[in-house]
Amino acid sequence: MMKPSTTSDSAQIDIPGMQLLHRGKVRDVFEIDPETLLLVATDRISAFDCVLPVLIPGKGEVLTKLSRFWFDRLAHLTANHLISTDLDSMSPEIQGYQWLRGRSTLVRRTTVFPVECVVRGYLEGSAWKEYEATGMICGHRLPQGMRQCDKLYAPLFTPATKAVAGHDENIGFDRFSAIVGQESAEYLRETSLRLYSAASDYAAARGIVIADTKFEFGRDKDGNILLIDEVLTPDSSRFWPAESYEPGHPQPSFDKQFVREYLETLDWDKKPPAPTLPDAVIEATAKRYHDAYRILTADS
């Protein structure tokens, strides 16, 4: 029986007899049938759009369980592609690979919108850099004198292109509408803002600030728009401990910002091949992912 490596540079997963459709930075996508896909979350980690040659122990399971939590919690706001994360409910062919347990999601197949629906509640990351340079974020003019990590006057929808290679690009709403169509653009914007608002209120009550996040959507065979991929994980969001939040500088985090900050200390041009990480950084990152899951779900 094949098993993904826990020490290889890529931890590439291959399932005999199952067609691999896409190998992403973190997830490998397999076709079950024309209407159903299997998403397998690996322990790979990426930063600055490069996959690092290390694995973060347990990361794939955290991403799978936390996405499942949010899919269930936010289902009243929008439909999603989730069928099951329970290996025992899947076909015997899938059940035969027990190492898929905890990191596999059976989903409805969709035609994916080629954009990322980013919502920002705080001024950090590429938004902070853009604000420093222009005073704006994706066409939104912000007040003068804002500090790094300041809370925005209201959450902002700041979409981005999904680059096949290289960095994603922040875009304005007009270009976003031109890509997905005006009606879909308005639906995606409003839905993304509702999802962020509900999630951030929930997280705040548990001591976590969701500074920003990205959602992805697809259209199913009947034309319905579904929330897809991962939802509000440490890979797709910035999670900050509320007790230590203080604007004016970078925040401690429960996400992979810790990895980014370490990489910024290296003499690396942010192009492949990516450097490795010390054991201490790997262990601290794994702890942050598990802590985020534990705090948000009250599940150890």
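Predicted model: local features only at pLDDT ≥ 70, side-chain atom pairs only at ≥ 80, totals over all residues.

Student: Fine, so how do H4 and H5 cross?

Tutor: The axes of helix H4 (residues 173–180) and H5 come within 7 Å and cross at roughly 120°, and H4 and H5 are therefore oblique to each other. The crossing in which H4 passes H5 is right-handed.

Student: Which residues in H4 and H5 meet?

Tutor: On the H4 side they are Phe173, Phe176, Ser177 and Val180, and these meet Gln182, Ser184, Ala185, Glu186, Leu188 and Arg189 in H5. By class, the residues of this contact of H4 with H5 divide into five nonpolar, three polar and two charged.

Student: And H6 with H7, at what angle do they pack?

Tutor: Helix H6 (residues 257–264) and helix H7 (residues 279–297) pack at an angle of about 155°, their axes being 9 Å apart, and H6 and H7 are therefore roughly antiparallel to each other. The contact brings Phe258, Val259 and Tyr262 of H6 against Val281, Ala284, Thr285 and Arg288 of H7, and its residues divide into five nonpolar, one polar and one charged.

Student: What about the loop between H6 and H7, which residue lies there?

Tutor: Pro273 lies in that loop, and the peptide bond from Pro272 to Pro273 is cis, with omega near 0°. For background, most peptide bonds are trans, and most residues other than glycine have a negative phi.

Student: On phi, then, what is the value for Cys149?

Tutor: Cys149 has a positive phi of about 75° although it is not a glycine, and Cys149 lies in the loop between strand E11 (140–141) and E12.

Student: Back to H7: how do H1 and H7 cross?

Tutor: The axes of H1 and H7 come within 10 Å and cross at roughly 25°, which makes H1 roughly parallel to H7. H1 passes H7 in a left-handed crossing. From H1, Lys59, Val62, Leu63, Lys65, Leu66, Phe69 and Trp70 meet Tyr289, His290, Tyr293, Leu296 and Thr297 in H7, and the residues of this contact divide into eight nonpolar, two polar and two charged.

Student: What lines the largest cavity?

Tutor: The lining is made of Arg27, Leu39, Ala41, Leu63, Thr64, Ser67, Phe71, His81, Thr105 and Asp229. Strand E3 (36–41) and helix H1 (59–73) are the elements that give two or more residues to this lining, and H1 supplies the largest share, four residues. The lining divides into four nonpolar, four polar and two charged residues. Leu63, which is in this lining, also takes part in the contact of H1 with H7.

Student: And the second largest pocket, what is its volume?

Tutor: The second largest pocket has a volume of about 200 Å³. Of the 15 residues that line it, Tyr122, Lys151, Pro155, Tyr196 and Ser200 are the closest to its centre. The elements giving two or more residues to that lining are strand E9 (115–122), strand E12 (151–157), helix H5 (182–204) and strand E14 (208–219). By class, the lining of the second largest pocket has ten nonpolar, three polar and two charged residues.

Conventions: Residues numbered from 1 in each chain as written. Heavy atoms only, no water. 1 Å grid on protein atoms, 1.4 Å probe; cavity = no way out; pocket = protein on both sides within 12 Å on 5 of 7 lines; lining within 4 Å. Points joined across faces, edges and corners; volume = space filled by probe spheres on them. Nonpolar A, V, L, I, M, F, W, Y, C, P; charged D, E, K, R; others polar. Axes fitted to C-alpha atoms, helices over the stretch in contact; angles between N-to-C directions. Parallel < 35°, antiparallel > 145°, perpendicular 65-115°, else oblique. Contact = heavy atoms within 4.5 Å. Left-handed = near helix turned anticlockwise from the far one by under 90°.
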